[in-house]
Amino acid sequence: CELMKGKKVIASCAGCYRIMLQDYPKMMGEECAIDAKHIVQVLAEQIEQGKVKFTKEVNKTVVYHDPCELGRDTQTYDDPRKILEAIPGLKVVEFFSTKEQTWCWGGGGGVKGLDYDLSVEIGTDKVKQANEVGAEMIISACPSCKTNINDGIKAAESDLNMLDILELVLEAGITKA
């Protein structure tokens, strides 16, 4: 408890963020709660406050996948979309099922370890959905999602690209305003 008291933690992993935000205080007691944020929350705040701007156009059509642990578990839905909407040239489309209704990629919750083929089959189905909405690129904010999305892209022999939202931010160039 004492080690984390008064410290702020920024996570880039959806699962790690959920654990710090929800599980750690349950296991260690509320007095040990960590002041945690996911990097998309911090970056969206910085954009809204005019503290950062993007310097390059990214002329792509992207679809954002809501990670289960960032979305359903912590209700972080709008911040990633605010980031994407701020990138010049980017066209953002949505899956048919988003936010609370999003379909899992099949990569988390032990599915991949228990039934690899099922996991890839679920990922391949999401790749088809991305193609149906006209996306060139799939974006997420979770390393587990990224791994399974890439497995689905490979299995579907798709031309889609997959990036973590921070990789796309780097591609768009970011500067302090």
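These legends accompany close-up views of a predicted model. Local features need pLDDT of at least 70 and side-chain atom pairs count only at pLDDT 80 or more, while totals for chains, interfaces and linings use all residues. Residues are numbered from 1 along each chain as its sequence is written, and side-chain values use heavy atoms, with hydrogens and water left out.

View 1. H2 spans residues 39-48 and H3 spans residues 78-86. Helices (H or I, at least four residues) and strands (E, at least two) are DSSP runs, numbered from the N terminus. The axes of H2 and H3 come within 8 Å and cross at roughly 50°. Axes are lines fitted to C-alpha atoms, for helices over the stretch in contact, and angles run from 0 to 180 degrees between N-to-C directions. The angle makes H2 oblique to H3. Angles under 35 degrees count as roughly parallel, over 145 as roughly antiparallel, 65 to 115 as roughly perpendicular and the rest as oblique. The crossing of H2 and H3 is left-handed, meaning that the near helix is turned anticlockwise from the far one by less than a right angle. From H2, the contact draws on Val40, Gln41, Leu43, Ala44, Ile47 and Glu48. From H3 come Asp79, Pro80, Lys82, Ile83 and Ala86. Contact means heavy atoms within 4.5 Å. By class, the residues of this H2 and H3 contact are seven nonpolar, one polar and three charged. Here Ala, Val, Leu, Ile, Met, Phe, Trp, Tyr, Cys and Pro count as nonpolar, Asp, Glu, Lys and Arg as charged, and the others, Gly among them, as polar.

**View 2. Asp79 sits in helix H3**. Asp79 is buried, with a relative accessible area of 18%. Buried means under 20% relative accessible area, exposed over 50%, partly exposed in between (1.4 Å probe, protein chains only). Not counting residues up to four places away in sequence, Asp79 touches Val40, Gln41 and Ala44. Gln22 is 57 residues from Asp79 along the chain, and their C-alpha atoms are separated by 19 Å.

**View 3. Helix H3 packs against helix H7**. H7 covers residues 165-172. The H3 and H7 axes lie 11 Å apart at an angle of about 20°. That makes H3 roughly parallel to H7. H3 passes H7 in a left-handed crossing. Pro80, Ile83 and Leu84 of H3 meet Ile165, Leu168 and Val169 of H7. This contact of H3 with H7 has six nonpolar, no polar and no charged residues.

**View 4. Helices H5 and H6 cross at roughly 80°**. H5 runs over residues 116-132 and H6 over residues 143-155, with axes that come within 7 Å. H5 and H6 are therefore roughly perpendicular to each other. H5 contributes Tyr116, Ser119, Val120, Gly123, Thr124 and Val127 to the contact. H6 contributes Asn148, Ile149, Asp151, Gly152, Ile153 and Ala155. The contact of H5 with H6 divides into six nonpolar, five polar and one charged residues.

**View 5. Cysteines without disulfides.** The disulfide count is zero, with a disulfide taken as a pair of cysteine sulfur atoms within 2.5 Å. Cys13 is in no disulfide, and the nearest cysteine sulfur, that of Cys16, is 3.5 Å away. Cys32 lies in the loop between helix H1 (14-28) and strand E2 (35-38). At 5% relative accessibility, Cys32 counts as buried. Cys1 is 31 residues from Cys32 in sequence, with 5.0 Å between them in space, C-alpha to C-alpha. Leaving aside neighbours within four places in sequence, Cys32 is in contact with Cys1 and Tyr24. Cys68 counts as partly exposed, at 22% relative accessibility.

**View 6. Trp103 lies in the loop between strand E5 (91-93) and helix H4 (111-114)**. Trp103 is partly exposed, with a relative accessible area of 45%. Residues up to four places away in sequence aside, Trp103 touches His65, Ser97, Asp125, Lys126 and Gln129. The C-alpha atoms of Trp103 and Asp79 are separated by 19 Å, and the two residues are 24 apart along the chain.

**View 7. Positive phi at Gln75** **and at Glu157**. Gln75 is a residue other than glycine with phi near 55°. The loop between strand E4 (61-64) and H3 holds Gln75. Gln75 counts as exposed, at 55% relative accessibility. Glu157 is not a glycine either, and its phi is about 50°. The loop between H6 and strand E7 (161-164) holds Glu157. Glu157 counts as exposed, at 72% relative accessibility.
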